[in-house]
Every structure is written in C-alpha cells, then in structure tokens.
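Please open the structure in your viewer and keep the selection tool at hand. The stops below say what to select next and what is there.

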Amino acid sequence: MPASITCTSLSFTWPDGTPVFEGLDAAFGPGRTGLIGVNGSGKSTLLKLIAGELRSADGAVRVAGEVGYLPQNVTLDTALRVDDALGIAAQRAALHAIEAGDVAEAHFETVGDDWDVEKRALATLGELGLGHIGLDRTIGEVSGGESVLLRLAALLLGRPDVLLLDEPTNNLDLYARRRLYTAVEDWPGLMVVVSHDRELLELVGQIADLRSGEVTWYGGNYSAYEEALTIEQEAAERMVRVAESDLRKQKRELADAQVKLARRKRYGQKMWDSKREPKIVMGARKRAAQESAGKHRIMHEEKLAGAKERLDEAVEAVRDDDEIRVDLPHTAVPPGRTVLTLRGLELAYGARVEGHFELRGPERVALIGRNGAGKTTLLRTIAGELPPVSGEATAQVPLRFLPQRLDVLDGELSVAENVARFAPGATNNRIRARLARFLFRGARADQKALTLSGGERFRAALAALMLAEPAPQLLMLDEPTNNLDIASVRRLTTALESYEGALIVASHDLPFLESVGITRWLLLEEGELRETAPDAVG
C-alpha cells in the first residue's frame with residue numbers, strides 16, 4: 001500500500017481558545033509537497049497533528065506508513081553521542097560485541113538484518129556534509145546547523161515511508177543547505193515540507209497553500225505556483241471590477257425605479273384628489289399600483305443584495321498583499337560618504353579583518369560564510385555590543401542592528417511603546433502614523449510584543465529600529481528571513497528597496513540577498529574577511 005496522509009474534518013484549538021482549524025480536509029500522496037501559508041496559518045500545527053505530537057479536538061488523521069518528523073526547533077541532549085542521536089547505538093554495540101567474539105543471541109536479535117548499519121550511517125553523514133563527525137563524538141561538540149542535519153540523518157537511516165520537515169533550512173549555512181537540497185531531491189517516498197526557502201520549494205512537485213483554515217492545491221513547484229496565483233489573482237481582481245460595476249448599475253436602477261414609483265404615486269394622488277374617475281375604479285388602481293410598486297422595489301432590492309454578495313465574494317478571493325512602506329528621507333546616505341571603517345580588527349572568537357576596510361555611501365553588503373565563521377560576532381562588534389580583541393570598528397553614521405533573536409523588543413510592552421523607547425522625542429500620534437506603514441494599525445499597535453507571531457514580531461522589531469531617532473543610516477540585519485513566511489519576506493524586501501541608507505545583511509538565503517540589490521559580497525572564511533563574487537557563493 002503506498003504511503004499516504006488523510007486529514008478528515010480536522011479541528012484544533014489551542015488551550016487559550018484560539019482556533020486553528022475547523023473541519024479541515026486534506027490528503028497527501030506520494031511525492032514531495034511544499035506546505036506554505038502565512039505565519040500563524042497552522043502549518044507547523046498540521047505537521048505535529050500528522051506526526052502525532054498533538055491531538056485534534058475533532059476529526060481524524062490517518063497515515064499509511066511509518067512517519068519521520070523533523071521539527072522546526074531541534075533540541076538534542078548535548079551529552080548524547082552521535083550514534084545515539086542517529087538511533088544506532090545499540091546496534092553498533094551489538095555488532096562490536098559479535099566482532100569481538102561474543103555470540104550471545106541477544107546481540108544477533110539487536111542487529112537483525114541490518115549488518116551494514118554503521119557503514120550506512122557513515123555514508124549518510126558524508127552525504128549531508130557531516131563526514132568529519134565521528135559516531136563516538138557527543139552532540140555538544142557539533143554546531144546548531146549540524147544538529148539539524150544529524151536529526152535528518154537519523155530520519156534517513158530509519159527509512160520512514162512519510163517524511164515531515166518543518167523549516168529544515170533554518171540555521172543552516174549555504175553549504176549545509178546544498179546538502180539538504182540533494183537529500184530532498186533523492187527522497188523516494190512521501191514528503192511534506194514546510195518552508196519559506198525558495199530554492200527548497202523549487203524541488204517539490206506540488207504546493208499546498210494553507211489559508212483561512214483550508215488547503216488549496218497547485219501543481220508544480222513554487223515558480224509554477226506563483227504563475228498560477230498571478231493568473232488567479234488577476235482574474236479575481238477583474239471579478240471585483242465587474243462586481244463593482246454591477247453594484248453601481250443596480251444602485252442606479254433602484255434609484256431610477258424609486259423616482260418612477262414616486263412620480264406614479266404623485267399622479268395617482270392627483271387623480272384621487274381631482275375625483276376624475278369613480279371611487280371604486282381609483283381604489284382598484286391604487287391597490288394595483290401599490291402591489292406593482294412593492295414587487296418592483298423587492299425585485300430591485302434583491303438584485304442589489306445579489307450584487308453586494310457577488311462583490312463580497314470577489315473581494316474575498318483577492319489576497320491582502322499589504323506592503324511595508326518606508327520612505328524615511330533622513331536615512332539617505334550620499335554616495336562616497338564614509339559610513340563604516342574597520343582597521344586591523346581581531347574579534348572575540350578568533351576571526352579577524354586584515355588591514356583597512358571601508359563602507360561608503362548607500363552600499364548594500366552581503367556577509368556570507370559557514371555557520372560559526374564569526375558573522376554574528378563581527379556584526380555585534382560593529383554595533384558596539386562586543387569589544388574587539390584588537391583594532392577598531394568605527395561607524396561614522398547612526399546605525400542599528402537587528403539580531404537573529406529579535407531581542408530589541410520588550411515583550412511586556414506594546415508595539416507602540418517599544419517604538420517609543422527608540423524615539424523618545426516623537427509624539428504618540430507620530431509613532432502611530434509611522435507604525436501604520438509597517439501594517440500596525442489601530443488596536444494592532446497596542447498588542448503586547450510577546451503575543452505577536454514570528455512575522456509580526458520581526459515587523460515590530462524592524463519598525464522600532466527604522467523609526468528610531470536619529471534615523472539609522474547604516475542598518476545591519478542578522479539572518480532576517482529565518483522564521484519568516486514568504487509573504488513576510490516579500491514585505492521585508494519591499495521595505496529594504498525603499499530604504500536609502502547603507503545595508504549589511506548576514507544571510508544564507510541567496511534569493512533574498514539577490515532581491516534586495518546587493519552591491520558587494522563579503523565572505524568570512526577561516527578567520528578572514530574577503531571580497532567574493534555572487535556566482536562563487538555556495
């Protein structure tokens with residue numbers, strides 16, 4: 001029986017009463033499916049329900065085949081050995097005991113038919129770029145990105161029929177992502193992957209778009225989905241224009257009908273007053289006129305109500321693609337002006353910047369390199385959060401730094417109050433008017449930061465920094481697209497397009513870097529910062 005996932009009338013509500021799904025139906029068959037949707041739409045919740053990590057309030061999830069699940073946040077015991085993390089520690093121990101001459105039956109039962117498990121484990125590690133990690137090492141000796149790949153290696157070794165991946169490229173550097181892409185391409189069974197990574201979504205065979213508690217299916221990869229969605233949205237916008245035109249027509253016809261009926265009523269009253277016809281005849285005419293007027297009015301009102309309903313349906317089909325608007329003239333940096341200077345810089349954890357480095361004018365710099373190369377350390381040193389071991393980093397313009405953790409926000413304060421911390425001289429009205437540009441309008445600006453979704457939290461943090469006083473003329477972002485859905489990444493791209501200051505972005509997301517108009521690529525590798533070309537990246 002081929003692997004499959006069937007969700008029937010699935011309902012799920014969080015303990016605080018927040019509904020996620022109500023009567024969701026979805027079915028996944030063999031092949032690779034990209035599950036997409038805005039932050040908070042329930043993608044991760046759906047994967048957890050399929051994996052059995054959560055239980056639904058109603059409905060059912062049926063899975064044909066064994067399930068392997070890679071959660072978004074992988075946490076492994078740092079004292080755990082690598083072979084334990086891979087789930088092969090007992091088999092290895094039994095194999096080594098047999099090789100040493102111990103022929104106890106229990107060892108053979110433990111090994112089963114998997115005599116090459118150690119060889120397969122080393123081969124899988126090698127395919128994922130982890131060949132340098134020995135099976136006897138502990139998890140505490142590997143990086144966060146390597147932990148994700150180790151968890152994936154464990155799943156691949158287990159050979160499940162169904163593989164669920166939740167944002168697997170988060171925290172992976174460019175090199176590790178390439179390994180993951182290859183593993184995804186080679187996967188022979190059923191796979192459902194939640195991701196905002198464009199390159200990863202180009203490898204799937206279909207897209208499942210989770211929106212407003214329903215799944216809409218699109219054949220092909222993400223590029224095919226975008227093309228189909230564009231056609232769909234253009235048609236939806238045409239339907240809105242047609243419905244608006246029909247509504248205006250029905251309003252005009254109703255108004256015209258009311259004018260005609262009023263004229264007839266005045267004429268009938270005039271005939272009644274002048275008593276030109278017998279009373280019984282005029283009474284009959286009056287009743288007939290009233291009935292006709294009532295039917296006419298009801299007909300036009302029904303047409304108008306139908307037109308309004310069609311307009312509502314047409315508007316609902318058009319997606320809300322609000323964009324962040326950033327037109328802050330004080331962020332502009334004139335060409336040629338020195339923005340940042342680094343001299344003989346040695347960083348806290350061993351990386352260094354030889355000689356003299358300068359950033360001039362509104363340059364857009366991509367800072368790339370493997371995990372652990374020192375990118376975050378360099379940004380924190382420039383921001384003044386870490387002192388250099390030697391040398392100096394001098395910013396000649398106001399700068400702001402947005403770290404991966406988004407810890408610039410105070411969770412107990414509202415969005416508006418957080419922005420006010422960075423712009424103490426701004427009035428409440430001014431702050432709210434500016435926040436509206438970041439899609440925090442009305443009561444949304446009064447939400448506590450700790451209640452925000454990942455995408456909202458990022459938007460609030462970005463707003464706090466970009467609306468700060470003095471306005472930042474150098475903006476530094478550390479892995480800004482991690483945990484952002486595709487709509488939020490698009491909004492960030494739009495915001496950065498209109499930002500007129502200098503920009504440094506540390507990221508492994510090449511499509512995003514290319515979309516924000518990077519003018520200079522810097523590679524931090526083996527403790528040295530050097531210029532590189534975009535085609536040499538990855």
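Begin with Arg 432, which is partly exposed at a relative accessible area of 27%, where partly exposed lies between buried, under 20% relative accessible area, and exposed, over 50%, with a 1.4 Å probe and protein chains only. Before going on, note that this is a predicted model, in which local features need pLDDT of at least 70 and side-chain atom pairs count only at pLDDT 80 or more, while totals for chains, interfaces and linings use all residues. Residues are numbered from 1 along each chain as its sequence is written, and side-chain values use heavy atoms, with hydrogens and water left out.

Arg 432 belongs to helix 13 and Asp 446 to the loop between helix 13 and helix 14, so the pair ties together parts that are 14 residues apart in sequence; helices (H or I, at least four residues) and strands (E, at least two) are DSSP runs, numbered from the N terminus. Asp 446 is also partly exposed, with a relative accessible area of 43%.

Select Arg 81, Asp 83, Arg 92, Glu 118 and Asp 136 together, and you have one network joined by salt bridges that share partners. A search of the whole structure finds 20 salt bridges.

Are the two partners buried or exposed? Asp 197 is buried, with a relative accessible area of 2%, and Arg 177 is buried as well, at 3%.

**Into the core**

Select Leu 86, Leu 150 and Leu 165, the residues with the most contacts inside the largest nonpolar core, which has 50 residues. Such a core is a set of buried Ala, Val, Leu, Ile, Met, Phe, Trp, Tyr and Cys residues joined through side-chain atoms within 4.5 Å. Leaving aside residues up to four places away in sequence, Leu 86 touches Ala 121, Leu 125, Leu 135, Leu 150, Ala 153, Ala 154 and Leu 157, contact meaning heavy atoms within 4.5 Å. Apart from this core lies another, of 46 residues, including Phe 422, Ala 426, Leu 435 and Ala 461.

**Along helix 6**

Colour helix 6, where 12 of the 15 residues are buried, so that this helix is largely enclosed by the rest of the structure. Its buried residues pack against strand 5 (67-70), helix 2 (82-85), helix 5 (117-127), strand 6 (162-166) and helix 7 (174-186). Just after helix 6, look for Arg 159, which takes a positive phi of about 50°.

**Last stop: the surface**

Finally, select Phe 108, which lies in helix 4 (residues 105-111) and counts as partly exposed at 34% relative accessibility.

Note on methods:
A salt bridge is a side-chain nitrogen of Lys or Arg within 4 Å of a carboxyl oxygen of Asp or Glu.
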